[in-house]
Amino acid sequence: MNKTVLITGGTTGIGKQTAIVMGQRGWNVAFTSRNKERGLNFEKELKEMGINATFYQLDVNYEEAVKSVIEAVIKDYGKMDCIVNNAGIAGENKLFADCSTENFRSMIETNVMGVYYGMKYAIAHYLKTGGGNIVNLASIAGLNGIPYAAQYGATKHAVVGLTKAVAVEYADKNIRVNAVAPGACDTEILQAARDAGNYDDSSLKSMHPMQRMGKPIEIAKTIAFLASDEVPFMTGSIISADGGYNAE
């Protein structure tokens, strides 16, 4: 029986590539998006690749909605073996004092509470089935101070904290919890920072010793590695996929 993964924010960037990579490796792929049209189109695209995939419309800001989608995935596929908490927003790219409080609240709801809800209800299921896997999306901004990203960085530091603490709490229950901390990746979220004029391609590339930005598929393969049975002794780890950023 193939394993099943649920990927939140699965129609763009890293989430989309993760759906493709894990589907090509034999996983059943359940994925979410707030955008129904984009979700259904991507479901069709995955099925044309021969991947067993199902789209579920979801806004991770709402706890009952997250719970309902997880329950639906379990009903449709029999069980859920991994959740990839990928849905996230970046909001404003300004100096801290110039950012709005409302923007920060929005990021907390999506980037922190959305991850919290996914972890909470995945774990409730895993405790009934004998174990499972959680992979969260952190960031180099969750491990460092990044200019023009204090609010975003705060939410990603929270993801790192949740990942480590929950991993320890459930380490003896066959539940692994890890996170990936990507460097600057050529995604829709990063494009917002470019549009704001805070970064350009040259400055983004120069942040990394590899002198380039990451590609979504490179992060997706890191996620698939953590979700696999290849690393059964790994939990509570924050894997830096950042072109050497944190080595300096």
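Biologist: In which strand does Asn136 lie, and what makes Asn136 count as buried?

Modeller: Asn136 lies in strand E5; strands are DSSP runs (E, at least two residues), as are helices (H or I, at least four), and both are numbered from the N terminus. The relative accessibility of Asn136 is 0%. Buried means under 20% relative accessible area, exposed over 50%, and partly exposed in between (1.4 Å probe, protein chains only), so Asn136 counts as buried. This is a predicted model, in which local features need pLDDT of at least 70 and side-chain atom pairs count only at pLDDT 80 or more, whereas totals for chains, interfaces and linings use all residues. Residues are numbered from 1 along each chain as its sequence is written, and side-chain values use heavy atoms, with hydrogens and water left out.

Biologist: With which side chains does the side chain of Asn136 make a polar contact?

Modeller: One is the side chain of Asn85, at 2.9 Å; another is that of Thr163, at 3.0 Å. A polar contact is a pair of N or O atoms within 3.5 Å; within protein, one must be able to donate a hydrogen and the other to accept it, and residues adjacent in sequence count only if both atoms are side-chain atoms. Leaving aside neighbours within four places in sequence, the residues in contact with Asn136 (heavy atoms within 4.5 Å) include Val115, Met119, Val159 and Val177.

Biologist: What is the strand order of the open sheet, and which are the edge strands?

Modeller: The seven strands follow the order E3-E2-E1-E4-E5-E6-E7, with parallel pairing. Strand E3 (53-57) and strand E7 (238-241) are the edge strands, since each pairs on one side only, and two strands pair if DSSP finds at least two bridges between them. On average, neighbouring strands of this sheet are turned by 20° against each other, direction ignored.

Biologist: How do you know that E1 pairs with E4 and with E2?

Modeller: Strand E1 (residues 4-7) and strand E4 (residues 82-85) share three bridges in the parallel sense, and four bridges join E1 to E2, also parallel. Both counts meet the bridge criterion. Ile7 stands opposite Val84 in E4, and Leu6 opposite Ala30 in E2. In a regular strand, side chains alternate between the two faces of the sheet. In E1, Thr4 and Leu6 point one way, Val5 and Ile7 the other way, and all are buried.

Biologist: Across which strands does helix H2 lie, and at what angle to E3 does H2 run?

Modeller: Helix H2 (residues 36-48) lies across E2 and E3, running at about 175° to E3. Axes are lines fitted to C-alpha atoms, for helices over the stretch in contact, and angles run from 0 to 180 degrees between N-to-C directions.

Biologist: How many aromatic pairs does a search of the whole structure find, and why is the pair of Phe31 and Phe42 called edge-to-face?

Modeller: The search finds three aromatic pairs. The ring centres of Phe31 and Phe42 are 5.2 Å apart and their planes stand at 70°. Rings of Phe, Tyr and Trp (its six-membered ring) pair if their centres lie within 6.5 Å; planes under 30 degrees apart count as stacked, over 60 as edge-to-face and the rest as tilted. The pair is therefore edge-to-face. Phe31 lies in strand E2 and Phe42 in helix H2, so the pair ties together parts that are 11 residues apart in sequence.

Biologist: What makes the aromatic pair of Phe31 and Phe55 tilted?

Modeller: Phe31 and Phe55 are 5.6 Å apart, centre to centre, with 40° between the planes, and this pair is tilted. The pair links Phe31 in strand E2 with Phe55 in strand E3, 24 residues apart. Phe31, at 0% relative accessibility, and Phe55, at 10%, are both buried. Together, Phe31, Phe42 and Phe55 form one aromatic cluster.

Biologist: How do you know that Cys82 is in no disulfide?

Modeller: A disulfide is a pair of cysteine sulfur atoms within 2.5 Å, and the structure holds zero of them. The nearest cysteine sulfur to that of Cys82 belongs to Cys185, 19 Å away, which is too far for a bond. Cys82, with a relative accessible area of 0%, and Cys185, with 5%, are both buried.

Biologist: Why is Ser68 called partly exposed?

Modeller: Ser68, found in helix H3 (residues 63-77), has a relative accessible area of 39%, so Ser68 is partly exposed. A polar atom of the Ser68 side chain lies 2.9 Å from the backbone oxygen of Glu64.
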